[in-house]
Amino acid sequence: MGFDSSKCDFSRCRGECLTRCPYVSYDEKMAKDAIRTLISGEESPILSECITCAACNDFCPTGANPWDLIAWRQEQTDILKIPADAKPSSDWLVKPYKVRRGKPGGPLISMGGIYEVVPQEEFLKGKMFDDATLIGGGDIACGFTETHLGRASRPLKNLPAFIKNLSHAAEEFGVDEIVFTHDACYNVATTLAMSQNMEVEFRPVHILEYIRNWLKEHKDEITPLNLKAGLQGGCTTRYAPDRGDGEIWSDWTREIFEMIGVESVEANRKYTGENRLCCGSSIFHSQHERALNIQKMNIQDAIDAGAERYVFICPACIAIMRMTCRKLNLEPVYITQLVRLALGEDIGEAGMAAFGYPVR
Ligand code: SF4
Ligand code: SF4
């Protein structure tokens, strides 16, 4: 993480960082000029055109991390001018601490600061979570959302307190692992902490890894759903620890889908893998029509590929896209709810996607 100017070698690339960005139309010269301008400390239109999806870090063939350069300059210039009504997400850093106690010896699950975006407590019910203790609040929020608000340095500044508070929680509840419901927190506790050589005393576990492992031990309780689904991989999935031979979050999802009888349509999609599209949350307030158009393009692509459901692993993505999914007649569903259906469970008041569900 962090822009590496020594790797930004114009002779070894074709400006893929921005020529492949699906939200602008840059040719190679424009792309290289824009990056050169940012490196020189000047402003470039890409700063306000960028929707903060982080994809260009994946597109750059030399590993220079151009998104980190863009994010850093967005913060320096305050160019995003985020309106006041988009600020509540930064309140996640000051959300009150809350605990739902499970059984002694059960897993500890952190909801971070976003437990109100979708009803996390409702989504974390049923057999898979019966024993789990849930914790949430600003003290254990990673602050990653700030990267969408032109304050990309916040997760790094917040990192020592984030890890320290989670370590205290692990000690308090007598566990050596913490499961994260959002991959932003997981990635900060893994990728970002590793990049800073920070020791993490507990083992971070991704919610998908937890579900995959649970299902492996309870295969006889699964009734296959026999349906086809698309998958929304959020921006934060792009920060998953590098395994070298694929994306760990999509491998876990593939295993989960196989076990619950869901056929992924991702292989038939245009907007998948590195080319997956953003939910549009960063511009939902400031450039509403543009955000909706991105969502429609994305969801229609899944429908054209044969999807009967659209599966989300990020609470923010589902909260921001569920209306458009419903308008296009593709049922949105959060991953835990999908799995609970395969376990024959009543998925409760939250239903398929918290649509119309009162946010408490
Ligand atoms: S960030 Fe990567 S793709 Fe973009 S100009 Fe630099 S080396 Fe090329
Ligand atoms: S972060 Fe996303 S939107 Fe911004 S320039 Fe990179 S690819 Fe484009």
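Guide: With a contact between domains: 26 residues of domain 2 are in contact with 24 residues of domain 3. Contact means heavy atoms within 4.5 Å. This is a predicted model, in which local features need pLDDT of at least 70, side-chain atom pairs count only at pLDDT 80 or more, and totals for chains, interfaces and linings use all residues. Residues are numbered from 1 along each chain as its sequence is written, chains are lettered from A and ligands numbered from 1 in the order in which they are written, and side-chain values use heavy atoms, with hydrogens and water left out.

Visitor: What are the bounds of the domains?
Guide: Domain 1 covers 5-77, domain 2 covers 84-206 and domain 3 covers 214-342. These bounds come from an automatic or database domain assignment. The C-alpha centres of domain 2 and domain 3 are 21 Å apart.

Visitor: What area is buried between domain 2 and domain 3?
Guide: About 2,200 Å², with carbon and sulfur atoms giving 67% of it. Buried area is the accessible area (1.4 Å probe) lost by two parts on being put together, summed over both. On the domain 2 side, Phe123, Met128 and His148 lose the most area to domain 3, together 27% of what that side buries.

Visitor: What makes β1 and β3 a pair?
Guide: Two strands pair if DSSP finds at least two bridges between them. β1 and β3 (residues 133-136) have three bridges, in the antiparallel sense, so they meet that cut-off. Val99 stands opposite Ile135 in β3.

Visitor: In what sense do β2 and β4 pair?
Guide: Parallel, over two bridges, with β2 at residues 108-110. Ile109 is opposite Val179 in β4. β4 also runs parallel to β5, joined by four bridges. There, Glu177 stands opposite Arg203 in β5.

Visitor: What is the pairing in the sheet of four strands?
Guide: Parallel; the sheet is open, in the order β7-β6-β8-β9. Its edge strands are β7 (262-264) and β9 (331-334), each pairing on one side only. The twist averages 40° from one strand to the next. Four bridges link β8 (residues 309-312) with β9. Phe312 stands opposite Tyr334 in β9.

Visitor: Which strands does helix α12 lie across?
Guide: β6 (227-232), β8 and β9; α12 (residues 315-327) runs at about 165° to β9. Helix α13 (residues 335-342) lies across β7, β8 and β9, at about 90° to β9. Axes are lines fitted to C-alpha atoms, for helices over the stretch in contact, and angles run from 0 to 180 degrees between N-to-C directions.

Visitor: Which residues surround ligand 1?
Guide: Lys7, Cys8, Asp9, Phe10, Cys13, Glu16, Cys17, Cys60, Pro61, Thr62 and Pro66. A residue is near a molecule if one of its heavy atoms lies within 4 Å of it. By class, seven are nonpolar, one is polar and three are charged. Ala, Val, Leu, Ile, Met, Phe, Trp, Tyr, Cys and Pro count as nonpolar, Asp, Glu, Lys and Arg as charged, and the others, Gly among them, as polar.

Visitor: How many charged residues are in the shell around ligand 2?
Guide: None: eleven residues are nonpolar and one is polar. Among them are Cys21, Cys50, Cys53, Cys56 and Trp67. Helices α4 (55-59) and α5 (66-77) each give two or more residues to this shell.

Visitor: What does Glu42 touch?
Guide: Thr37 and Arg73, leaving aside residues up to four places away in sequence. Glu42 and Arg73 are 31 residues apart in sequence and 8.9 Å apart in space, C-alpha to C-alpha. Glu42 sits in the loop between α2 (28-39) and α3 (46-49).
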